Amino acid sequence: MLLRRLLCISFALLFVMASGMSGYMFIEHWPLLDSLYMTVITIASVEFMEVHPLTEQGRIFMIFLILGGTGVLVYGISTIIAFIAEGDLTHALRRRKMQNKIAAMKNHFIVCGVGQTGKYVLDEVVRTRKDVVAIDRDSAKIKLLSEQGICYVQGDATHNSVLKAAGIEKARGIVSALQLSDRGQ
C-alpha cells in the first residue's frame, strides 16, 4: 500500500518536473539547465531569483506550476506523515521482515488454523524450537500470533497462494487443524 502511494507521488512529482521544464523551454525558450533550475526552485518554494525575466505567459505558467507542484509536495509529505503517525510504517516493516524470514525457512512446519487444536499443535512446535508458520483468516488470532513473535500468513489455508506464502515448497510438514467454519462451509 505504501509502495503504491509512494510510486504515485513519485510519478506525480516527475510529471510536474517534466511539465515545468517543458513549459519553461517552450514558453520562455530557455535552455534545459535553466528550465530545470527554475522548476526546482519554483516547486520547492525557495523564493530564489529568476534566471531570466519572465514574460506574461511565463508568469501565468509559473502560477500553475506553483499550485501543481505545491499540491503534489503537500500530498506527498502528508501521506508519509500519516503513514508514520498511524503506525503503518512500523507494521509494514515488521511484516516485510517476517515475509523475508518465512522465505528463508527450510524444513519448517505449517499449521493451518489456529483454533483450539491448531493452537495446541502450534504451542508444541514452538516449545520444541522448530520453525513454524501459522495460517489463519481471523485477524484477532493473527494479532495474537504477531504479539507472540510467531510467523504467520493471514488468509485461507485452502488457497495455493496462501500455502506458497507460508513456504509450503520447503516445509517439512503441514498440519491442518481447520474447523468446518474455517473452510467457509
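**Note on the predicted model: aromatic cluster, helix packing and selected residues**

1. Tyr 24 has a relative accessibility of 0% and therefore counts as buried.

2. Which residues make up the aromatic cluster? Tyr 24, Trp 30 and Phe 61 form one cluster, and the structure holds 2 aromatic pairs. In the pair of Tyr 24 and Trp 30, the ring centres are 5.1 Å apart and the planes lie at 10°, so this pair is stacked. The pair of Tyr 24 and Phe 61 is edge-to-face, with 5.3 Å from centre to centre and 85° between the planes. Tyr 24 belongs to helix α1 (residues 2–28) and Phe 61 to helix α3 (residues 56–85), so this pair ties together parts that are 37 residues apart in sequence.

3. The packing of α2 against α3 may be considered next. Two packed helices are described by the angle between their axes and the distance between the axes. For helix α2 (residues 32–43) and α3, the axes come within 8 Å and cross at roughly 60°. The two helices are therefore oblique to each other, and their crossing is right-handed. On the α2 side the residues that meet α3 are Met 38, Thr 39, Thr 42 and Ile 43; their partners in α3 are Met 62, Leu 65, Ile 66, Gly 69 and Leu 73.

4. Thr 42, a residue of helix α2, is buried, with a relative accessible area of 4%. What does Thr 42 touch, not counting residues up to four places away in sequence? With those set aside, Thr 42 touches Tyr 24, Met 62, Leu 65 and Ile 66. Tyr 24 is a member of the aromatic cluster, while Met 62, Leu 65 and Ile 66 are among the α3 residues that meet α2.

5. Ser 35 is likewise placed in helix α2 and is buried, with a relative accessible area of 0%. Apart from neighbours within four places in sequence, Ser 35 is in contact with Met 21, Tyr 24, Met 25 and Trp 30. These contacts include Tyr 24 and Trp 30, the two residues of the stacked pair. The C-alpha atoms of Ser 35 and Val 51 are separated by 8.9 Å, and the two residues are 16 residues apart along the chain.

6. Ile 135 lies in strand β2 (residues 132–136). Is Ile 135 buried or exposed? Ile 135 counts as buried, at 0% relative accessibility. Leaving out residues up to four places away in sequence, Ile 135 touches Ile 110, Val 111, Cys 112, Gly 113, Val 114, Val 153, Gly 155, Ala 157, Val 162, Leu 163 and Ala 166. Asp 156 is 21 residues from Ile 135 along the chain, and the C-alpha atoms of Ile 135 and Asp 156 are separated by 7.5 Å.

7. The cysteines deserve a separate remark. A disulfide is a covalent bond between the sulfur atoms of two cysteines. How many disulfides are there in the model? The count comes to 0 disulfides, on the criterion that the sulfur atoms lie within 2.5 Å. For Cys 112, the closest cysteine sulfur is that of Cys 151, at 15 Å, which is too far for a bond. Cys 112 is buried, at 3% relative accessibility, and Cys 151 is buried, with a relative accessible area of 5%. Cys 112 is also one of the residues touched by Ile 135.

8. Arg 129 is found in the loop between α5 (116–127) and β2, and is exposed, with a relative accessible area of 77%.

Notes: Residues are numbered from 1 along each chain as its sequence is written. This is a predicted model: local features need pLDDT of at least 70, side-chain atom pairs count only at pLDDT 80 or more; totals for chains, interfaces and linings use all residues. Side-chain values use heavy atoms; hydrogens and water are left out. Buried means under 20% relative accessible area, exposed over 50%, partly exposed in between (1.4 Å probe, protein chains only). Rings of Phe, Tyr and Trp (its six-membered ring) pair if their centres lie within 6.5 Å; planes under 30 degrees apart count as stacked, over 60 as edge-to-face and the rest as tilted. Helices (H or I, at least four residues) and strands (E, at least two) are DSSP runs, numbered from the N terminus. Axes are lines fitted to C-alpha atoms, for helices over the stretch in contact, and angles run from 0 to 180 degrees between N-to-C directions. Angles under 35 degrees count as roughly parallel, over 145 as roughly antiparallel, 65 to 115 as roughly perpendicular and the rest as oblique. A crossing is left-handed if the near helix is turned anticlockwise from the far one by less than a right angle, and right-handed if clockwise. Contact means heavy atoms within 4.5 Å.
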